[in-house]
Amino acid sequence: MSNVQLLIVDDEERFLKTTKALMEKRGIATKTAASGAAALRIIDEAPVDVVVLDVKMPGMDGEATLKRIKQIYPLIEVIMLTGHGSVDSAVVGLKMGAYDYVLKPCDIPEILEKVEGAYTKKQAMENKIRKVQVDRMISHPMAVFDKNGED
Amino acid sequence: MKTTGQKNKGTEKFSRIRRIILTRVLLAPFIILMIVCSTLVYYFATNLFDRVEVELIRVADDHRYLIEQFFSERTEDLQFIAGENHFKTIQQKNRLADIFHVLQSTSPAFLDLGVFDKDGNHVAYEGPYRLEGRNYSQAEWFKSVCEKSVYISDVFLGYRNTPHFIIAVKKIENGVPWYLRATIDTQFFNNLVENIRVGKTGEAYLINKDGVFQTRKRSGGSLMAVDPNFKGYQSDPHRIMSFTGRDHQGGKCLCATGRLKSTGWFMVVRQDYFDAASPLIRAVLVAIGLVFIGGAVVVLIAFFLASGLANRLTLADAEKREMGSQLIMAGKLAEVGEMSAGMAHEINNPLQIMTSEITMINDLFEDCRTGEAMDKEALALMAESIDQIGLQINRCGSITQGLLKFARKTEPIVRKIIPHEMIGEIVAMVEHQANLDGITIHQEVDSHLPEIESDPAQLQQVFLNLLNNAIYAVKDLDDGLVRITSEVDDEFVFLSIKDNGCGIDPDQLKKIFVPFFTTKPVGKGTGLGLSTCYGIIEHLGGNITVTSELNVGSVFTVQLPRSGSLKK
């Protein structure tokens, strides 16, 4: 749990600041980004497990950012943070591979809960992948080299 | 209060429409009717007076002939007696009485008969007076008959002192003349002329060449008096003259005069103008009556028709107005719907921040309670969070205020507006949203623009709509730019919203203000926005125009009157 690397993306600076403080207080290593582009940069620099992503942002909006993240790092789980009264935009996000959505306004425990859920899912997914790779390695030991070659 | 005002306006409009219809429906027929009537009256009058004139001439001619005939017959009677008798024998009393008896039986007009010798001595007389032995040598008639052999006198008094006139003939027997004279019964003679009647006032009488009445005039004019109107008579020795004259009392009359050859008298036939014109007056009265009755009926029918028509027009107008206001409402609702999503986001963001801050405060508070930390840093953090909540509450407040301004029910309330402030407020409502989409809004409205009088709430709706359209048009561009510029002239202020978006197809440009016309995908736009704007601006006495070039951009220009002039 304490190993989760969280990234919060929102255009509200104050929200980022407060939430980061609260999350870190709760033992979650948190990074923040004020825009989609900044978020992608941060992900590129260091591994991130879960992204809390605001849908409505200037420039690259939430949906576009989600698309990019999922393209490059399909394993990163994304939680959409939507301010719209309707869940339409959330549904769009879910269809594009988001883990879940949170309707604004939401309190910190709610976010925390979803982040944990997302991290658990990600870990499960990684374990599964590792297992598959191990299985494959066992059945086709030579494939390791192919795979390494491919990487 | 408001409804009564509306109703008054309605009835006012109704009366105005009815008046217009009435005047147009009635005026033309009325003019035509008047022309027809006056033409008819004119021809009728001409014809009537022609006929009266002909009638008068006929009466005058007939009676002139009659009287001439009477004179010549009586003269012939006397000439016959003179021819049949000798001077000696006729003087015998019995003989003269016999002759007179025969004479009276041929014509009761003879009053007496007398015989005169060459010197004018009255030698024999038969009649009601005693006139024998008098000498008439100096009498006017005697002198004339000596010369002319036949003489008919004017009416005179003579020895007997009653009005009468005489016929005298001369006979020459063996070179010596003698004379026969008969008096004509004035009463009998009068009846010949006096009983002539034409219409109610038409009368006939005789005057001599000096204008002295030879017969009585029924409407006042005794025998031997001078006719006061004599000077006004026109005469011609050979034919009957007819003319319109005025009598001495100023009354208008129609006259016909003819001259009697034997005596030089005038036959006068006269009728009062108004009597002659009485059929005309009657006809005119009847015509006026008919025109009034018919006119009243026509006016009544026209009034009801016009009322019905005006009523229907007013109703249709009211319906149209109702539709218009419903359209405005519908447009407003659609706008509200579109805005609510964005508005929710706007409000939810500060709410989210507040939620976080409260969690933060709670955390700090908890720390303090457990005594973990109660240092200055924690207090500062708490104060910061509380400030932040206040800030976010203000933000929410301004958003809801903007929403209220937009949604307020808007009867046109004309107020003074400073254009660049108004635009500033409106832009503030959409700017954040636009910036999120990467769109720049340039406000280039001249801050020195004069104040305008208009409805701020409705203008806000219009400009919000136009701005949203402009933003929509440039949404997919990387360098979306919306500019708001201004111009001014003596009467109007022009506010233009320019975008550098995709532009509008010329075919669509024509229909752009048509209700329910939209290019947005189904469910995204109602097609009411621009038509509503158009209605509002027109209602405020202004105008919206649009120019557009494909792939260059569109310009919507709102023209607003500087002084409030609501379109009635």
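Is A:Lys104 buried or exposed, and what is its relative accessible area? In this model, which is predicted, A:Lys104 is buried, with a relative accessible area of 5%, a value that falls under the 20% limit used for buried residues. Its side chain meets that of A:Asp54 in a salt bridge, with an N to O distance of 3.4 Å. This pair links distant parts of the chain, since A:Asp54 belongs to strand β3 (residues 50–54) of chain A while A:Lys104 sits in the loop between β5 (100–103) and α5, 50 residues apart. A:Asp54 is likewise classed as buried, because its relative accessible area is 0%.

Turning to contacts between the chains, a salt bridge joins the side chains of B:Glu384 and A:Arg14, at 2.5 Å from N to O. The pair crosses from helix α8 of chain B (residues 376–407), where B:Glu384 is found, to helix α1 of chain A (residues 13–25), which holds A:Arg14. The two partners fall into separate accessibility classes: B:Glu384 counts as partly exposed because its relative accessibility is 30%, whereas A:Arg14, at 15%, counts as buried. Both residues also belong to a network of salt bridges in which A:Lys17 and B:Glu357 are linked with them.

Within chain B, a salt bridge of 3.4 Å (N to O) is formed between the side chains of B:Asp61 and B:Arg64. These residues lie three apart in helix α1 of chain B (residues 2–84), so about one helical turn separates them. B:Asp61 is partly exposed, with a relative accessible area of 34%, while B:Arg64 is counted as buried because its relative accessibility is 15%. Over all chains, a search of the whole structure finds 24 salt bridges, among them the pairs described here.

At the level of domains, chain B is divided into four parts: domain 1 covers residues 85–188, domain 2 covers 195–276, domain 3 covers 315–409 and domain 4 covers 412–568. The C-alpha centres of domain 2 and domain 4 of chain B lie 95 Å apart.

Definitions and conventions:
Residues numbered from 1 in each chain as written. Chains lettered and ligands numbered in written order. Predicted model: local features only at pLDDT ≥ 70, side-chain atom pairs only at ≥ 80, totals over all residues. Heavy atoms only, no water. Domains from an automatic or database assignment. Salt bridge = Lys/Arg side-chain N within 4 Å of Asp/Glu carboxyl O. Helix = DSSP H or I, 4+ residues; strand = E, 2+ residues; numbered from the N terminus. Buried < 20%, exposed > 50% of the residue type's maximum accessible area, 1.4 Å probe, protein only.
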